[in-house]
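This briefing is for a reader who is meeting the structure for the first time. Look through the sequence and the model before reading the points that follow.

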Amino acid sequence: MNKTVKTLLTIAVASLMLVACDKKEENTEKKASTIEEIQKEKGKPARVVKAGTSKLIDVRKFSGTIEGINQNSAICKMGDPIAKINVQVGSTVQKDQVIAEYLFTGDNTQYQEAQEKIAVLEKATERMRELHAKGGISQQDMDSQEMQLKVAKMGLETARRATLILAPEAGVVTEIKFKVGQTPGQGAQFATIAKLNKVVLKLNVTSKDIGFFKKGASAKVTIADETLTGKVTLIPLAANPTTHFFPVEITFDNKAKKLLPGMYVTAELDARQVEGIVVPAEAIVYRNGINAIWTVTPEGKALRKIVKLGVQTKNDVQVTEGLEGGETVIVEGQSKMNDGDKVLIVE
């Protein structure tokens, strides 16, 4: 093969390579515009559902504070310092159990005086019993002496109870307001005792929402991933004149003591059932204060519709205005749509 032929072959090969590169670049350019061309030809992909008529439960949420269903206060009967507290929050107590004791100051001597009076009366009564047995005094005099001793013992018990702070009923201590050494003052509430086998959730409900409550209706609260069900037990006929709220009560069985006084919890109430056009929540596009839904026309074109919403649940939404029912609604892919775009429906 002579030199001229070799040169011609080299040029031919180079030309073929250039042509191949040009075609490759041309194909690359075509591939770069493939998505737009496909969307223009076949439509923008979207997942759709049919807007149908269905029923939804209107679940309303209300928050409030838990209280014991039977709740009482242990009251201080003396204005002296606290010497000893025998319980703590969470302690179970019985009625009249001593939960705290006063410091003896010399001013609170009624109990000591009553004790001395009892000692004197008991000796006198014993002597009179001996005389009565021998006929030395009448039965009337003996009865009078016995009554004096009985009244004095009642006074002693009253004086003794005054030197102590007692549980007003059986239950659980849910609050202690003072510490050792402090002086609560006569009539002060020292502690709160509640029965926790049942508790009450107290709600302050507005005039707008009070109509959703029906006596006996179920309500649920969730504590540590456990759902507890209670019932509406009190719906007042008038609002509080100061707050203008309606103090509604929901009662829960609480044998496991999951709900404790002072807890602030949120209850879910099945307020009502509505029927209407329902679409998945993911179909709603909210922008600039307006709710809209993208639909697909019979011609396969995208159409944006402004809608008004009603009851909303976790997964579904009631549409009160803007849809007639039966429309093909886009639930995925609507973010890339413009009015009039061709839509490619995918599964």
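Helices (H or I, at least four residues) and strands (E, at least two) are DSSP runs, numbered from the N terminus. The model is predicted: local features need pLDDT of at least 70, side-chain atom pairs count only at pLDDT 80 or more, and totals for chains, interfaces and linings use all residues. Residues are numbered from 1 along each chain as its sequence is written, and side-chain values use heavy atoms, with hydrogens and water left out.

**Overall**

- The protein has four helices and 19 strands.
- Of its 347 residues, 33% count as buried, where buried means under 20% relative accessible area, exposed over 50% and partly exposed in between (1.4 Å probe, protein chains only).
- Contact means heavy atoms within 4.5 Å. Among contacts between residues at least 6 apart in sequence, 72% join residues at least 24 apart.

**Ala51, between β1 and β2**

- Ala51 is found in the loop between β1 (44-50) and β2.
- With a relative accessibility of 4%, Ala51 counts as buried.
- Val279 is 228 residues away from Ala51 along the chain, yet the C-alpha atoms of the two are separated by 5.6 Å.
- Leaving aside neighbours within four places in sequence, the contacts of Ala51 include Ile277, Val278 and Val279, and also Leu323, Gly325, Gly326, Glu327 and Val329.

**The sheet β3-β5-β6**

- Strands of a sheet pair through backbone hydrogen bonds, either parallel or antiparallel. Here, two strands pair if DSSP finds at least two bridges between them.
- Three strands form an open sheet in the order β3-β5-β6, with antiparallel pairing.
- The edges are β3 (82-85) and β6 (164-166); each has a single partner strand, so one side of each is left without a neighbour in the sheet.
- On average, neighbouring strands of this sheet are turned by 20° against each other, direction ignored. Axes are lines fitted to C-alpha atoms, for helices over the stretch in contact, and angles run from 0 to 180 degrees between N-to-C directions.
- β3 and β5 (residues 98-102) run antiparallel and are joined by three bridges. Lys84 has Glu101 as its bridge partner in β5.

**Strand β9 and its partners**

- One face of β9 is covered and consists of Ala219, Val221 and Ile223, while Ser218, Lys220 and Thr222 make up the uncovered face.
- Six bridges link β9 with β10 (residues 226-234), and the two run antiparallel. In this pairing, Thr222 stands opposite Thr227.
- β9 and β10 form a hairpin with two residues between them, and Ala224 in the turn has a positive phi of about 50°.
- β9 is also joined to β12 (residues 264-280) by two bridges, again antiparallel. Lys220 stands opposite Glu268 in β12.

**Aromatic pairs**

- Rings of Phe, Tyr and Trp (its six-membered ring) pair if their centres lie within 6.5 Å; planes under 30 degrees apart count as stacked, over 60 as edge-to-face and the rest as tilted.
- A search of the whole structure finds two aromatic pairs.
- Phe62 and Phe213 form a tilted pair, at 4.8 Å centre to centre and with 55° between the planes. Phe62 is in strand β2 (residues 52-75) and Phe213 in the loop between β8 (189-205) and β9 (218-223), 151 residues apart. Both Phe62 and Phe213 are buried.
- Phe178 and Phe190 have ring centres 6.3 Å apart and planes at 10°, so this pair is stacked. Phe178 lies in the loop between β7 (171-176) and β8, and Phe190 in strand β8, so the pair ties together parts 12 residues apart in sequence.
- Phe178 is partly exposed, at 21% relative accessible area, whereas Phe190 is buried, at 0%.

**Two buried glutamines**

- Gln318 is found in strand β17 (residues 316-321) and is buried, with a relative accessible area of 12%. Not counting residues up to four places away in sequence, Gln318 touches several residues, among them Leu56, Val274, Ile277, Lys308 and Val311.
- Gln334 lies in the loop between β18 (328-332) and β19 (343-345) and is buried, with a relative accessible area of 10%. Apart from neighbours within four places in sequence, Gln334 is in contact with Glu282, Ala283, Val285 and Trp294.
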